[in-house]
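The sequence and structure come before the text.

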Amino acid sequence: MNAEPAIELKGISKAFGPVQANKDISIRVMPGTIHGIIGENGAGKSTLMSILYGFYKADRGEVFISGTKTEIPDSQAAIAAGIGMVFQHFKLVENFTVLENVVLGAEEGARLRPSLSKARKLLTELAREYELSVDPDETIEELSVGHQQRVEILKALYRKADILILDEPTGVLTPSEADHLFRILKGLRDEGKTIILITHKLREIMDVTDTVSVMRRGEMTATVKTSETNPQALAELMVGRKVLLQVDKVAAQPKDKVLDIQGLRVVDDDGVERVKGIDLNVRQGEILGIAGVAGNGQSEVLEVLGGYRSATGRVTLNGQDIDLTGRASDGQTRRANGICHVPEDRHREGLILDYFAWENMVFGYHRAPEYQRSKYLMDNRAIRRDTEEKMARFDVRPPIPNLAAKNFSGGNQQKIVLAREIERDPELLLVGQPTRGVDIGAIEFIHQQIVELRDRGKAVLLVSVELEEILSLADRITVMFDGQITGERLAADTNENELGMLMAGITDTSGAA
Amino acid sequence: MDVMPKWADAILIPILSILISFFLSGLVILYLGMNPFEALKLMVTGALGSTYGWGYTLYYTTNFIFTGLCAAIAFHARLFNIGGEGQATFGGLGVALVCLAVPWPHWTLALPAAMLGGALFGAAWAIIPAWLQAKRGSHIVITTIMFNYIVAALMVFLLVEVLKPEGSMDPATRRFGDGVALPKFSDIFGLFAIEFSDAAPANISFFIAILACYLFWLLVWRTKLGYELRAYGHSESAAAYAGISPTKMIIVAMMISGGLAGMMGINSVMATDRLVLNSVEGAGFIGLAVALMGRSHPVGIFLAALLFGFLYQGGGELALWASIPRELIILIQGLVILFTGALDNLVRMPLEKLFLLLRKPRSEEV
């Protein structure tokens, strides 16, 4: 490749107040390649791309597009320069059709119809060429997340983008949706488009990129050819120290049954049966992983056990029946019984984002006697002190109890939740997606904490859609598909292929094992 | 990171909003052919220039503190209680019934009983919309508005058909009598040999309103219930996860809210010495503006209530002494509400930009 780089950034710097988000960053992205930018949360990846897309103005530095120095004061200029951006959180009008969303803001003339028919023609072509098929007349709210993302890509292509930036595109996708996305990206690259993929997932970088740049604390620490590096080396460049990518643990020594579920059925508010009579158990000193594509009933199981969804069937904790109707129990009684819960979605459930860290550190346990000063008043000072200790033990950064939860990075938010739940020393810990949106350094730490709890003889029920995580963390794996259990394996005796088949509802896995 | 320091958010924005609305009001007054500075002077002397003016300003302020707290506690649970007006009206009935029921020997006995009566009646009027919201999903904005109308009609019926003394032409109850007369500011300040106008209605309720502000703060930021209310207000899904019952939160928040509105009756009804039609005079709605402007914090609510008390009294004076129609006062109040409540971003956005600009040079030095 001797052509001009599609994008060249020279000496880009950007500060927000005292925080230097980007420090003297230079990078060359060659045309017709997939260029990965990897780094932990807060490393400055998104800031850099926002500068490129005209959301922020760099304090210093220059941008060259195909060899020409280009000023990008706003996103209109970026689009004119052929840059398209697919955001982590989609910017689509929910009750518009796909076609209307694609055309929105790029209508030609006052009449809508010519633009729409032109877009329809283009959509059909793109669908054929790149597996980008989406029904143009479907409204956005009817589409799955993966399809919505395709609409974002189509929007960029409709605006004649030659350079496509994707910000953490797989964060919301299932594994198969992610694979599909990567096939689309490779197809686009082969047609000569340039793609910048921002991510913190090493596997994606290795799977799909040609070149990779690593960012750490606002600086570009390295740019290498993907074929000449490996995940371990990249992780070290990202974090700045050696990282364990595999969970370090000894074989489990399961003892008595802690949790026993028999014939659990869950019907949701719309009358749809989400869990169709499952049996499972978790023992002391083991981690049971429930694998499965999101939406196959795992979340409902966690919610039932967490005490905020009603169900039928029989569940016992250490031999004692627990109430499933919701009439005699709620999240508070579950906690009192020794079931602690790290929920799947820390933003929706695990944290009150506007609450301070110290307020969050007692969330769900705020009625515990040690946090009360009198019958009516809470002991906020004791809670702050308690929070300081837990923040230190779980290495939450920054260790400031008086900071609102929304101001912590994803990994540190998750550590707050984990510290709160694990430090109660529960009989049974429910864990949902413990490392979703969490950076590598924190993943290692979070996994260690869960394993330590197991080694103290406690039971852990883990739900994760990341197969890798289930395989490395769980001792025993149960697979759910369509509200039923399609198989159970020991983690040591199975592999991704076999679990993948079970996750798709294929119970005959004799070919894969 | 927050763009602006806290003091700018809490103090600078409201002050700028008020200045803008005053400026626009001034233009209107100018258009009506009067000097706006003259008008302002009239308002200030009328509301703050004498103990008589202060007495009225603080009397209105007391009402607005109660209704402001009423709206604010609901805001904390993310409930929009538009029913403050109706709850205060019904609470006023509770106060009146307590005052009429017993020949009270002294106000010290009557006041606690009247507070209880007002709070219970106010809470009772809030509990049905709350229950409908919690159990049936009927939107609380709609139901509380409906309840405002229901109680208005109910009061007409009660005052015309039931509570009106024989032979009277006036839709009002009989006088409560001296046994429930609350000490006015003239009595209280008289103890310290400070002269205060005897004609102004401000009374000991003002201090009870301040006490209510403090208790409100304790409740919201220091108790388990306040913790749960705010958590529920921020995130319903997280509250469910933590085992906080939404039904309980809605009903409790609305009962406290209605109770606070009902307590207004000790000021408005007891000071009038009888229950008349429309004793609330729109204070329930002004409470919403007070809570919005005060950022649902008792200190802010106190200051905002003071401002609206000033506008109410000063506006009345303006209508009395100048050739300015009474409606103009409503316009001025409307502009203040518009700018402090609804058009918050109009001031906030430019101010945030300014702060970003100011911050930049400092970071270069670092």
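## Terms and numbering

Two strands are said to pair if DSSP finds at least two bridges between them. Helices (H or I, at least four residues) and strands (E, at least two) are DSSP runs, numbered from the N terminus.

The model is predicted: local features need pLDDT of at least 70, side-chain atom pairs count only at pLDDT 80 or more, and totals for chains, interfaces and linings use all residues. Residues are numbered from 1 along each chain as its sequence is written, and chains are lettered from A and ligands numbered from 1 in the order in which they are written.

## Sheet containing β13 and β19 of chain A

Strand β13 (residues 287-291) of chain A runs parallel to strand β19 (residues 476-481) of chain A, with four bridges between them. A:L288 has A:R476 in β19(A) as its bridge partner.

The order β16-β17-β18-β13-β19-β20 (chain A) describes an open sheet of six strands with mixed pairing. Its edge strands, β16 (339-342) and β20 (484-490) of chain A, each pair on one side only. From one strand to the next the twist averages 20°. For this and other angles, axes are lines fitted to C-alpha atoms, for helices over the stretch in contact, and angles run from 0 to 180 degrees between N-to-C directions.

Helix α15 (residues 440-455) of chain A packs on the sheet and touches β13, β17 (428-432) and β18 (459-463) of chain A; the direction of α15 makes about 145° with that of β18(A). Contact between residues means that their C-beta atoms, placed from the backbone, lie within 7 Å. Helix α17 (residues 496-503) of chain A lies across β13, β19 and β20 of chain A, at about 35° to β19(A).

## Sheet containing β6 and β7 of chain A

Another open sheet of six strands in chain A has the order β6-β7-β8-β3-β9-β10, again with mixed pairing. β6 (83-86) and β10 (219-225) of chain A are at the edges with a single partner strand each, so one side of each has no neighbour in the sheet. Direction ignored, neighbouring strands are turned by 20° against each other on average.

β6(A) and strand β7 (residues 163-167) of chain A run parallel and are joined by four bridges. Within this pair, A:V86 stands opposite A:L166 in β7(A). Helix α1 (residues 45-52) of chain A lies across β3 (34-39), β6, β7, β8 (194-199) and β9 (211-216) of chain A, at about 150° to β7(A). Helix α8 (residues 231-239) of chain A also packs on the sheet, where α8 touches β3, β9 and β10 of chain A and makes about 30° with the direction of β9(A).

## Antiparallel pairs of chain A

Five bridges link strand β1 (residues 7-16) of chain A to strand β4 (residues 60-65) of chain A in the antiparallel sense; A:L9 is opposite A:V63 in β4(A). β4(A) is also joined by two bridges to strand β5 (residues 68-69) of chain A, again antiparallel. The hairpin of β4(A) and β5(A) has two residues between the strands, and A:S66 takes a positive phi near 45°.

## Contact between the chains

Chain B gives 18 residues to the contact and chain A gives 26 residues. On the side of chain B that touches chain A, α9 (224-234), α10 (236-241) and α16 (344-365) of chain B each supply at least two residues.

Note on methods:
Contact = placed C-beta atoms within 7 Å.
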